Structures are given as C-alpha cells and as structure tokens.
Amino acid sequence: MITSELEHVRVDHVDGAVWITIDRPDARNALSLAVNRELLRLARALATDEAVRAVVITGAGDQAFCAGADLKERKGVPASAARPYIDAISGAIDAVSRIGKPVIAAMNGSAYGGGLELALSCDFRVLVAGAELGLTEVRLGIMPGAGGTQRLPRLIGVAAAKELIMLGRRITAERALALGLVTAIAPRGELRAAVDGMLAELAGCAPKSVAMAKAAIERGSDVGIDEGLRIERQCYDVTLVSEDRDEGLRAFAEKRPPKYTGR
C-alpha cells in the first residue's frame, strides 16, 4: 500500500486494520487539495489490499474530526477555477465509500460540511461526547456537494435530512445518535477503546462474508425488492464457496473460535 510521500495523512497498521489520520490539527483537519489527493490514493490502494480487513479514519488532536473543505485555501479562487477543488473532495470521499471493507469513522471531534460527508461515506461512525455535527454549507452560499444530499437522507430519512441540510443546523452528539447518524458516542478519552472494540468484533467475522454483506446492502438499497433479493443471492453465493465458510462450520462443530483467512 502507498504510504510514501504522504505529508498530511498518517497511516498506521494495527492487527489487520489500517488507521488513517488526517494530520492537520492546526487547520482543524480541513480537507485541502493535498489531503484529498492523499486520501484518494490511499482509498484506492486499500480497496485492493487483501491483507487489510478494516479501515479507520480519524483526525489529529482533540478539537475536530474534520472541519470540511479548506476554505482558506479556496479563498479568492473564482467559481470558474473551483472545479479541481470540488472534484478532489468528492473524488476522495467517493473512493472511501468504495473501499469494499468495513470503514469506521473515529470522530475525535466535531465535523462540518465535507468533514461530515467524509464520515457519511464510512460504514460506522463513533463520535466523541460533546462534539457537534452539521452540513452547514447553505449558510456559506453553497450546498453539500460531496455526497451529503444523497447519503444523509438514505441514512436518517428525507425529513430529518432536509432539516439539517436546508436549515444548515448543527446538532449535538446525542441528537446524532437518536437520528441514527452515528453508531455510538464515546466519552472523551475512550474513543480509541470504543473503536478497538468494534474492530475486535469484526475480527471475529469472516472478511469475505462482511464484504459481501456490505455489497449486498449498498447495491440493494436503491432497487426494488426482487432485484435486491437477486443481488443478495449473488453475494451469498460468493460466501457459499469460500474457505472461510468451511472453517466457520468446522469451528462451530468443534466448539472453538474460527480462524478466518479471507479466502
């Protein structure tokens, strides 16, 4: 996996999981052009790295997960020249959504705009207590443009998404949990432990089964029930002929923990 020439993103390998840290605490981990390009490269590499079973994305420091697009970088850039910045952030976030393995947003602080859109591209979001979330772009004369208007309604429903997006509201961690926007809230100082707990659960599951379940959910969420069931069966059939399926059955019969290989 590409780890050289990364200036704004740190990469750490821990027991089959890769932790990606946006390392710009002084800029509240804003998504600059360089950060987005590095995230894009990493996401594409992770998608094909069979040794990686899960991915965690977090931010440096304890103030912000990600403040969104780097507005200071874009200051003075006319609309006619803004396309590379917009393409970079949407491209990076889309690449994260297509990794194909479990992706956890370890949200060490608040997230706004593109920062929340990045979190929405992940499968799970664990938020530190006291943080706020919001898609506040309409208050800046624009609107979410990196998946927010599409992923948020699919996650929490159209009515709630309209409230947050069209009013540009910031919400508390507790409201985010009630809406289903985040998976869990972790007390300050316990975020890493909470995420490690999820990674431990994932480690007990067959990697190919998890990947196929994710694919079935995502591919089937916007089609009719008949097509959705066809997609589910296609994904199920992949697991049916896997080595991990045989190992799971053996482990169950022998009353021992399975040793999955991802094959």
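Contact here means heavy atoms within 4.5 Å. Among contacts in the chain between residues at least 6 apart in sequence, 66% join residues at least 24 apart. The structure is a predicted model, in which local features need pLDDT of at least 70, side-chain atom pairs count only at pLDDT 80 or more, and totals for chains, interfaces and linings use all residues. Residues are numbered from 1 along each chain as its sequence is written, and side-chain values use heavy atoms, with hydrogens and water left out.

The chain holds 11 helices and 10 strands. These are DSSP runs, numbered from the N terminus (helices: H or I, at least four residues; strands: E, at least two). The radius of gyration of the chain is 19 Å, close to the 18 Å that the globule rule gives for 263 residues, so the chain is as compact as a globular protein of that length. That radius is taken over C-alpha atoms, and the rule is 2.2 Å times the number of residues to the power 0.38. Along the principal axes, the C-alpha atoms fill a box of roughly 65 × 45 × 35 Å.

Of the 263 residues, 45% are buried. Buried means under 20% relative accessible area, exposed over 50%, and partly exposed in between (1.4 Å probe, protein chains only). The accessible surface of the chain comes to about 13600 Å². Carbon and sulfur atoms account for 54% of that surface. Areas come from the Shrake-Rupley method with a 1.4 Å probe; for residues, only the protein chains shown count as cover.

L152 lies in helix α5 and has 0% relative accessibility, so L152 counts as buried. Beyond its neighbours within four places in sequence, L152 is in contact with L120, L135, G147, G157, A161, L164, I165 and L181. T136 sits in the loop between β8 (132-134) and α5 (148-156). T136 is buried at a relative accessible area of 14%. Its contacts, neighbours within four places in sequence aside, are Y112, G113, G168, R169 and R170.

A search of the whole structure finds zero disulfides (pairs of cysteine sulfur atoms within 2.5 Å). C205 is in no disulfide, and the nearest cysteine sulfur, that of C235, is 16 Å away. C205 is partly exposed, at 34% relative accessibility. C235 is buried, with a relative accessible area of 5%.
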